[in-house]
Amino acid sequence: MTSGHSISTFSRIRVVLVCAFVASFNLSFVKGADLPLPLHQEIDRLVAKHIGRSESNIADDAQFLRRVSLDLTGLIPTAADVRDFCHNPSTNKRALAIERLLASPECTRHTQRVIDGWLMRRRPNRNVTSDEWKTYLRQTVLANKHWDQLTTEILKSDGTDPATRAAARFFLDRECNTDDLVRDIGAIFLGRDIRCAQCHDHPIVPDFKQADYFGIAAFVDRSFLLDDKQKQLKVVAEKADGVTAFTSALTQVRGVTAPKIFDGPFFPDPVSLTEQIADALRPEGSQRTNPYSRRALLPIAIVSHPAFGRTLANRLWAMVFGRGIVDPIDQDHGDNPPLHPELLDLLSVRIAEMHYDLKAFLRELVLTDLYARSTIERVESKQALAVLPVRKLTPEQLAWSWLRATGQWDAELRLVQSEMQIADAQRPSVVNEPETTPEDVTCDRLTAEAEKVVLIFTTSLAGEPTRSDTTTEQALFLLNGETLRKWIASRPGNLLDRLMKSESEDQVVDELFVSLLSRQPDSQEMAWIREVLAQSPSNREVPLSDVMEALLTSTEFRFNH
Amino acid sequence: MSDSIPIAEHTLSRRAMLRTTALASAGLLALPRLMSQSLLADQVKSSGKRVLLIFQHGGLSQFESWDPKPNTEFGGPFAAISSSLPGLAVSELLPQTSKQVHHLSILRGLSTEDALHDSARVRMITGWSQGFFGGKYPSFGAVCGKLLGAGRTQPAYVKLTDRAHWHLSSLVDASYLGPEFAPVVSFDESPPDYLSSSPDHDDSRAARIEALKNRLNQRFRQGHPSTDADAFERSFETARQAMQQRSMFDLSRESETDKARYGSHAFGQRCLLARRLLEHDCTFVKLNHVNYDSHFENFDNHLRLLGEFDRPFATLLEDLSQRGLLETTLVIIMGEFGRTPKVNSSIGRDHWAKSWSMAVGGCGIKPGLMYGKTNDNGTEVVDGQVTAFDLFHTFYRALGIDPTSHLFNGDQPLTLTETSGKPIKEILT
């Protein structure tokens with residue numbers, strides 16, 4: 001620095017720039033600790049504090065792909081998917097696979113079924129047709145409607161407007177029955193089934209009071225099913241008055257309540273309501289106008305209650321981890337504490353920040369290291385979170401995975417495609433015609449048969465939380481039923497058809513395992529299969545069918561692991 | 001679950017302790033699972049007892065059956081007739097039954113609090129008014145299958161019902177006892193679904209599939225301990241046992257005479273099938289008759305339903321008695337509640353749990369008694385009031401089982417029925 005104190009402007013600027021750069025680098029280094037982690041990393045951090053991390057406990061590629069395919073699309077992966085994925089050397093292939101699956105039409109169909117199960121629990125279609133409801137769910141999922149928006153739509157709609165009628169099914173197909181509604185609203189949206197608090201404070205759970213039951217009831221007990229004779233349909237109507245009162249069957253103490261959700265705020269009727277009612281002179285029938293609707297406040301009250309996000313987070317967690325952080329998912333109260341309270345609190349906050357975006361939240365869950373853990377681990381930790389349980393495929397996953405595995409789906413699709421080609425050739429396509437893909441048509445055609453299988457494996461009543469317990473009858477079905485055999489039987493384009501055309505026995509065995517169990521066979525298994533095939537060298541169809549049946553009814557297939 | 005039996009002296013002292021400890025009946029005592037289950041096993045080992053539960057779905061009207069009140073305000077149009085039980089008049093809708101009713105005891109003082117189908121059915125089938133925290137109690141059939149069914153004909157628990165009402169009858173199940181105690185269901189007097197394979201799928205194929213599947217399962221299970229997977233694999237054993245017993249469901253092996261005696265209609269054939277199953281030592285047969293829920297046209301409906309019921313039921317009672325099965329078979333006839341005295345505007349009777357009737361007989365029950373009475377117009381019980389839990393205490397005692405003993409859901413000890421109940425000593429032998 002021979003120039004002494006006369007530093008050139010350029011040098012000054014350069015120094016300033018360098019200082020600024022260094023300063024910002026230091027700042028970001030400091031701030032690096034404060035930069036928000038993606039949620040999946042936050043989860044892993046929190047969980048790791050309790051259970052410890054072990055590299056060797058990561059699921060292998062085949063296990064991971066099968067699991068994440070089932071959880072995001074309700075289906076085992078295709079044989080091609082399995083091979084592509086396992087041979088892919090890329091280090092971020094799991095994240096890419098997750099994106100591909102989330103964007104797939106199978107994911108859409110699966111999400112539709114899941115949401116349908118949550119909202120309607122297999123209740124029969126009474127006032128909204130199956131088609132109308134399915135279309136509504138499809139639109140919902142395609143638009144990635146967030147859970148708060150969907151909740152608001154279904155609780156707000158009264159069924160009078162054709163554009164939103166399907167959304168009213170929640171009320172309409174419960175016939176606006178107050179008790180059904182209170183129990184289901186509590187269980188589905190708020191994680192609290194308080195049916196036992198209807199007649200008195202809950203006998204076992206101190207958190208559930210009769211006042212809580214009737215606080216929710218107060219939102220809906222003025223609503224009723226109205227048979228609109230003019231329009232020939234049933235709609236949700238609402239009286240403008242009525243007091244929600246209750247008496248304890250145990251203590252005889254009487255109470256009255258304004259609408260409220262548990263410990264949330266009251267939503268009392270406006271003071272001027274009686275005057276408003278007098279003013280709104282009511283004509284008969286569907287022209288009746290209600291100056292004030294309690295039911296309109298229900299979605300607002302629910303979505304703003306902390307239990308809303310918490311329940312959704314817990315429910316989605318249960319979907320991919322096999323067990324909620326609170327378990328059962330509709331018993332969230334003081335006597336049933338969450339396995340990891342801090343984790344659930346974090347998830348509740350984050351899901352609200354994500355505006356209850358189902359896909360985005362699911363993405364974070366399946367990106368965690370926790371999700372990627374193998375189910376084959378020996379963990380000494382007492383934390384139940386540390387061990388991923390194997391879990392049965394849901395009835396829908398089982399039925400549709402069988403259809404994919406046997407190639408029955410492919411065979412049907414092939415048929416549909418050729419039919420559609422012929423149909424298209426015979427008439428010009430119309431602009432703005434709603435696009436029905438061959439896959440959609442195939443899905444429709446196979447639904448009736450799939451539903452029969454679903455019914456056998458569903459052990460809960462319509463309206464009750466869905467259960468799938470193992471029964472002797474299911475075992476008899478797996479041993480002697482004809483449905484699976486029909487799907488296995490050779491048909492142009494299905495698996496057995498392709499296997500029969502294959503020359504190499506090794507290729508046949510490989511294809512069997514990759515298609516059915518989503519992995520490669522080991523040498524022992526190779527030997528077993530060859531042994532079976534050798535029993536009938538001239539006609540492989542029978543032994544091949546038997547091998548397929550054994551794989552498809554095995555414990556490995558039956559479970560998600 | 002271990003099947004080992006502890007040393008006799010420990011068993012004795014433990015049993016003595018349980019008898020004197022108040023806590024035991026509260027179900028709060030954390031009993032070692034092994035001890036308590038062995039006590040039950042000792043009590044009912046090789047008892048060779050079985051149960052026939054005839055369930056009148058929807059709620060049989062006591063006015064049109066066991067407790068008629070002709071020429072009273074609520075009595076309805078039917079008369080009462082005398083029966084083989086002196087002092088007991090039954091509805092004229094039960095002429096054949098009236099001749100066999102001396103085998104049974106009639107309870108007319110039932111008062112069970114719950115007049116909603118689903119929950120009342122849970123009460124009358126499980127012996128509990130609600131679930132326990134986290135689940136539902138298992139049905140009477142599943143419990144009997146567990147306590148009485150070991151080493152005997154499998155399936156131990158069979159339901160005979162209408163396919164159209166299938167999900168009505170699957171309301172309760174084996175719960176925490178496990179899927180091997182769930183019933184096998186026969187619909188519409190056909191053998192249970194999927195009991196045998198199609199002809200082109202012979203035993204050698206089945207054996208081959210089984211062998212390969214077992215190898216694969218063994219490999220998979222090495223890395224995956226899981227009670228769910230255990231239950232799944234066990235269900236095939238139970239299924240195989242049911243398959244081996246399929247001739248038990250084959251009505252063509254019964255004589256034409258018998259088929260005619262029972263009547264060719266569905267319920268008639270179902271009663272004959274029940275007799276066959278009991279003769280084959282099936283532990284628990286639940287025989288459903290649907291649908292008594294006559295909110296509309298109560299009298300027409302009961303005329304029709306009891307017309308279906310009367311002859312085959314009477315025949316069944318007679319046959320069980322003549323074949324010496326009644327002594328070891330507890331026979332229960334009931335619905336989930338009764339029906340209202342008041343007839344509604346649709347000429348129907350609605351649900352009524354306040355004062356209704358049922359019939360019970362056979363194993364452990366004194367025949368030919370009337371217990372409990374309603375007032376003149378049938379609106380309340382005036383003597384011998386009985387709750388659902390009293391009934392269950394009575395049923396279990398009749399079978400030689402202590403209803404205050406425990407079964408275990410994991411570590412959670414649960415009594416067999418609500419402990420508030422008391423057995424009806426007057427009708428127990």
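# Chat on a predicted two-chain model

User: Which elements of chain B supply the side that touches chain A?

Analyst: Four of them each supply at least two residues: helix 7 (166–169), strand 6 (184–187), helix 8 (203–222) and helix 9 (227–244) of chain B. Helix 8 gives the most, with 12 residues.

User: How many residues are in contact across the two chains, and what area do they bury?

Analyst: On chain B, 47 residues are in contact with 54 residues of chain A. The two chains bury about 4400 Å² between them. Carbon and sulfur atoms account for 63% of that area.

User: How many salt bridges between chain B and chain A?

Analyst: Five. In one of them, B:Arg208 pairs with A:Asp546, with the closest N and O atoms 2.6 Å apart. B:Arg208 lies in helix 8 of chain B and A:Asp546 in helix 25 (residues 541–552) of chain A, so this pair joins two chains.

User: Is that pair buried or exposed?

Analyst: Buried, both B:Arg208 and A:Asp546.

User: What does B:Arg219 meet in a salt bridge?

Analyst: A:Asp522. The N to O distance is 3.1 Å.

User: Zooming out. How many salt bridges over all chains?

Analyst: A search of the whole structure finds 73. Among them is A:Glu451 with A:Arg122, at 3.4 Å from N to O. A:Glu451 sits in helix 19 (residues 438–457) of chain A, and A:Arg122 in the loop between helix 6 (105–120) and helix 7 (130–142) of chain A, so the pair ties together parts that are 329 residues apart in sequence.

User: What are the relative accessible areas of A:Glu451 and A:Arg122?

Analyst: A:Glu451 has 34%, which is partly exposed. A:Arg122 has 30%, also partly exposed.

User: Now chain B by itself. What does B:Asp281 meet in a salt bridge?

Analyst: B:Arg50, at 3.3 Å from N to O. B:Asp281 is in the loop between helix 11 (266–279) and strand 7 (284–289) of chain B, while B:Arg50 is in strand 1 (residues 50–56) of chain B, so the pair ties together parts that are 231 residues apart in sequence. B:Asp281 is partly exposed at 22% relative accessible area. B:Arg50 is buried at 7%.

User: Switching to packing. Which residues touch the most other members of the largest nonpolar core?

Analyst: A:Trp402, A:Leu512, B:Leu52 and B:Trp66, out of 102 residues in that core. Helix 12 (residues 298–322) of chain B gives the most to this core, with eight residues.

User: What does A:Trp402 touch?

Analyst: Not counting residues up to four places away in sequence, A:Trp402 touches A:Val453, A:Phe457, A:Phe477, A:Leu478, A:Leu484, A:Trp487, A:Leu552 and A:Phe557.

User: Chain A overall. How many helices and strands?

Analyst: Chain A has 26 helices and six strands. Of its 561 residues, 51% are buried. Among contacts between residues at least 6 apart in sequence in chain A, 71% join residues at least 24 apart.

User: Last one. Where does A:Glu412 lie, and is it buried or exposed?

Analyst: A:Glu412 lies in helix 18 (residues 408–426) of chain A. A:Glu412 counts as buried, at 10% relative accessibility.

User: What is A:Glu412 in contact with?

Analyst: Leaving aside neighbours within four places in sequence, A:Glu412 is in contact with A:Thr442, A:Arg445, A:Leu446 and A:Arg491.

Methods. Residues numbered from 1 in each chain as written. Chains lettered and ligands numbered in written order. Predicted model: local features only at pLDDT ≥ 70, side-chain atom pairs only at ≥ 80, totals over all residues. Heavy atoms only, no water. Contact = heavy atoms within 4.5 Å. Buried area = accessible area lost by both parts, 1.4 Å probe. Salt bridge = Lys/Arg side-chain N within 4 Å of Asp/Glu carboxyl O. Helix = DSSP H or I, 4+ residues; strand = E, 2+ residues; numbered from the N terminus. Core = buried A, V, L, I, M, F, W, Y, C linked by side-chain atoms within 4.5 Å. Buried < 20%, exposed > 50% of the residue type's maximum accessible area, 1.4 Å probe, protein only.
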